[in-house]
Each structure stands twice: as C-alpha cells, then as structure tokens.
Amino acid sequence: MNKIYLYNTLERNKKAFIPLDEKNVRMYVCGPTVYDFPHVGNARPLIIFDLLFRLLKETYGTESVTYVRNITDVDDKIIESAKTKNISINELTRKVTKDFQDDCNYLGCLKPTVEPRATDHIDEMISLTKKLIEKKFAYIEKSHVYFEVSKYVDYGKLSNKKISELVAGSRVEVVEAKRSPADFVLWKPSLNNDPGWDSPWGKGRPGWHLECSAMSEKYLGKEFDIHGGGLDLIFPHHENEIAQSICANNTKSFANFWMHNGYVTVNKEKMAKSEGNFVTINELKSRFDGQVVRLAMLSTHYTQPFDWNDRILETSYKTLSKWYEFYSEDTETTDINLLDSLKDDLNTPLFISELHKLYTEASKGNQQAGVQLSSACKLIGLFTKDLKTWNKNKSKKYFSENEVEKLIKERNKSRNNKNFKRSDEIRDLLNNNGILIEDDQEKTKWKYK
C-alpha cells in the first residue's frame, strides 16, 4: 500500500488521501481553550493527530507538511474561570498554555509547525466578518454579528443532519435578536472589563467558530487538506467553520478531509469536566511515563471509544518494559510493510500487533527485528527516553486505585495495632510512588501528586 487511506467524516467513507500539493501538505487541528488543566479526553486528539503528522512527514518529507494547532485564549469559559480564580485573564491563559505545552511534551507530541493564539489574529477575524456581511451571509443586530445559516444551502452536510434536527439536538443559544435559532455569533459586544477589541460594530470579541476559520486561512490558505478534532466538534463548531469559510471565500470546499477521534470514556460514559469524571493529564505525571499513556491510547483505533482504566495502563507499561530490551540509538527506515497498517486509516492496533511479532523475533536472536522494533516505536512517538533513563524509572510501582485503598486499610490497621513501623513503610511506599496520603480525624485521604 503506497497511498494513505483515511476515513473522511464529510463523505462518510474511507478513501485515498491525495493532497492538494504534495510539497505542501496542510493540516489544521482544533487546539485547547486555555481556561483549565487539559484532561485525558483532551490527550487523545493530541496523540492521534501527532501520529498523523509523523506519518505525513514520513510519507511526503519532513519539510513538506504544515501542521497548525491553535490556542483559543479568548472565550466565555476563560473569562469566567479568571473571575473564579481571581486572577487576570492574561495570567490565566499564559499559565494554562504553558501547562498544555508541558502536557504535549509529556505525551511525546512533536511541536506543530505553527501554534497561533486567537488574540493575535483579531484583525483577520474582523476582516472575515466584514466579508460575510458584505456578501449578505451575516447581519448585525444589537451590536452582535450573526451568520445567517439559511443562506448556506449545504449547512448540515458534515453532521449529515437537517438544520431543524441540529438545533433540536444541541445546545444552540436561543437569543431574541437572532433571525433563527440556528444562526450563530461571529462577533459579540464586550461588557464592563471583559476583553474586547475595537471593530466596526463596537468594542467586542470574536465568536469561537470564527477564530479557527481565520487562523486556518492565514496559515494554510482558503482550501487545505485535513481538518481534525474530536467527535464533539462536528456540530456546531466544524459545521459552522465550513459555512463561514466557504461563504466568505466563495470556494467549493474548506478542508478536503475531516477526521474525528472517538471519545475517551469512563465506565462507558464520555469523560468530561461537566460530568466530573475526568482525570487531568497533569495528575498522571507522577504515576506514569507519558509513553505509557500514549501506547495505551494507540491500542484502540482512533475512531472507536477508548475506555480509560488503570488495567490498560498497566498492560502498556509491561509491554513497553519488554520492548525497551531492544532500544537502539540508531534509527533505520521503518519497514514498508509495517507502515501499511498506519497508512490504512491509522490502524494502530494492527501496527502494535506487528510490534509484538518483532519483539518475539528479536527475543529469538533476530538482530534486525530488534532494530526494526526500535525504529517503529520511535516512528509512533515511543522510545522518547534512552534506555538508561527508562531503566532508572522502571523501579517505580504504579498503583491502581484499588491497590491504594487496600494499602491504606492495611496502614490504618497497623496504626490501630500500634505497628508503627509497618504503618510508616506503607506511607513511604505510597509517597515514593507519587501518592500523597493525609490523615484527618475521620479518615485517611489520598491523592496522586
């Protein structure tokens, strides 16, 4: 298989990926809204699209791929979070952006070619809004600018639904000033001390959807190859991006391929801050090497749900520990046949099964298999630490929640029996492995550092 095949959400099939320009393959992926620590659900698109970035570079050449992933640093959630934390918006967004970039490094993600911040591109957003007003696709009402959805005949094509279905099944903001509930905001007024910029419609700030259209156009052009993100972005975010970009620029398409990763779930329920069932990426750092999280995420095909649990992390840790036996500083070209599984819509489960086969052959004394195993691991973003560093951290024990609870029960029992030596041993064991315990009058509390 020479070509890359990808599932295109827009056409609802898997097809050969043919870039608009093989010397400039262009990809845009929606980045974070920097109002709080990213959680494990946010880690999945980071890892998946980093893998695609690596595959595109391997296929078309390192200098022939442009990957843009934005930072949304102006948004209602940011304003609210800054007020709650009683800090300035700039302080909040700077801190969370740094935390996010640290998380990307932890997960073994390459830096994107460009990482634009929304607040640096307000002029482009105002210009795009002006175009839409001039072409009668947008209207001004009470200092707001709205996109008039009924003017775009293909609205709903990405999500494969009619406008009435989309509005009924989503959290579309109903505002009296809008001509239709489906219309979405391009520009809104800023109140009091909220962040705002001068515009023809008064001091205000852009709508969320407008930001990505403006930034992708600046760095990738009016039409580009791939747009990615999570399933939850299909509607309204990506649907609205398509509408405003195509209408503003009078193009036949916006992105040729639309790719969406499945949800990360906890007990089959979507992981989300609104559900309170999330684990931040930062919380994992004292427990697991980022490579462990990465391999766990890649063990399931990106289009399928990934159920988060300690068991799969333990399995990934054990697998990595075996593979590291054949870590090599040298990097050879990855075997073409091995690459075929990745070129088949990022079939990482099949790729990983091939790595297991290489490990088996290497264990039998096949040196070439060992070298290929090392090269293939590096290709998908593993083996980011050398063997000495990995072995240094290898002695660390990864405790599941059940294991922690059992040890705490044993410690409490030891304390009651005045066996303080054992009690202290358990406390030190947990502390040395990234788990902090705190005793109060009622019970022992614990948390990952």
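Mentor: Start with pairing. Two strands pair if DSSP finds at least two bridges between them. Keep in mind that this is a predicted model.

Trainee: How do you know that β5 and strand β6 (residues 144-147) pair, and in which sense?

Mentor: The two strands share four bridges. The cut-off is at least two, so they count as a pair. The sense is antiparallel.

Trainee: Which residues of β6 are the bridge partners of alanine 138, isoleucine 140 and glutamate 141?

Mentor: Alanine 138 has phenylalanine 147. Isoleucine 140 has valine 145. Glutamate 141 has histidine 144.

Trainee: What is the order of the open sheet of four strands?

Mentor: The order is β5-β6-β7-β8, with antiparallel pairing.

Trainee: Why are β5 (138-141) and β8 (204-206) called edge strands?

Mentor: Each of those two pairs on one side only. From one strand to the next, the twist averages 20°.

Trainee: Now the helices. What describes two packed helices?

Mentor: The angle between their axes and the distance between the axes.

Trainee: How are helix α11 (residues 336-343) and helix α12 (residues 348-363) directed relative to each other, and why?

Mentor: Their axes cross at roughly 155° and come within 7 Å. Angles over 145 degrees count as roughly antiparallel. Therefore α11 and α12 are roughly antiparallel. Their crossing is left-handed.

Trainee: Which residues of α11 and α12 make the contact?

Mentor: From α11, Leu338, Ser341 and Leu342. From α12, Thr348, Leu350, Phe351, Glu354, Leu355 and Leu358. By class that is six nonpolar, two polar and one charged. Glu354 is the charged residue, since Glu counts as charged.

Trainee: Why is α12 called roughly antiparallel to helix α13 (residues 367-379) as well?

Mentor: The axes of α12 and α13 cross at roughly 150° and come within 8 Å. The angle is over 145 degrees, so the label roughly antiparallel applies again. This crossing is left-handed too.

Trainee: Which residues of α12 and α13 meet?

Mentor: α12 supplies Phe351, Leu355, Leu358, Tyr359, Glu361 and Ala362. α13 supplies Ala369, Gly370, Gln372, Leu373, Ala376, Cys377 and Leu379. They divide into ten nonpolar, two polar and one charged.

Trainee: How is α4 directed relative to α7, and why?

Mentor: Their axes come within 9 Å and cross at roughly 70°. The range from 65 to 115 degrees counts as roughly perpendicular, so α4 is roughly perpendicular to α7.

Trainee: Which residues of α4 and α7 meet?

Mentor: Leu128, Lys131 and Leu132 of α4 meet Gln244, Cys247, Ala248 and Asn249 of α7. Their classes are four nonpolar, two polar and one charged.

Trainee: Last, the overall dimensions. How does the radius of gyration of the protein compare with that of a compact globule of 449 residues?

Mentor: The globule rule gives a radius near 22 Å for 449 residues. The protein has 25 Å, which agrees. Along the principal axes, the C-alpha atoms fill a box of roughly 75 × 60 × 35 Å. The secondary structure comes to 16 helices and 15 strands.

Key
Residues are numbered from 1 along each chain as its sequence is written. This is a predicted model: local features need pLDDT of at least 70, side-chain atom pairs count only at pLDDT 80 or more; totals for chains, interfaces and linings use all residues. Side-chain values use heavy atoms; hydrogens and water are left out. Axes are lines fitted to C-alpha atoms, for helices over the stretch in contact, and angles run from 0 to 180 degrees between N-to-C directions. Angles under 35 degrees count as roughly parallel, over 145 as roughly antiparallel, 65 to 115 as roughly perpendicular and the rest as oblique. A crossing is left-handed if the near helix is turned anticlockwise from the far one by less than a right angle, and right-handed if clockwise. Contact means heavy atoms within 4.5 Å. The radius of gyration is taken over C-alpha atoms; the globule rule is 2.2 Å times the number of residues to the power 0.38.
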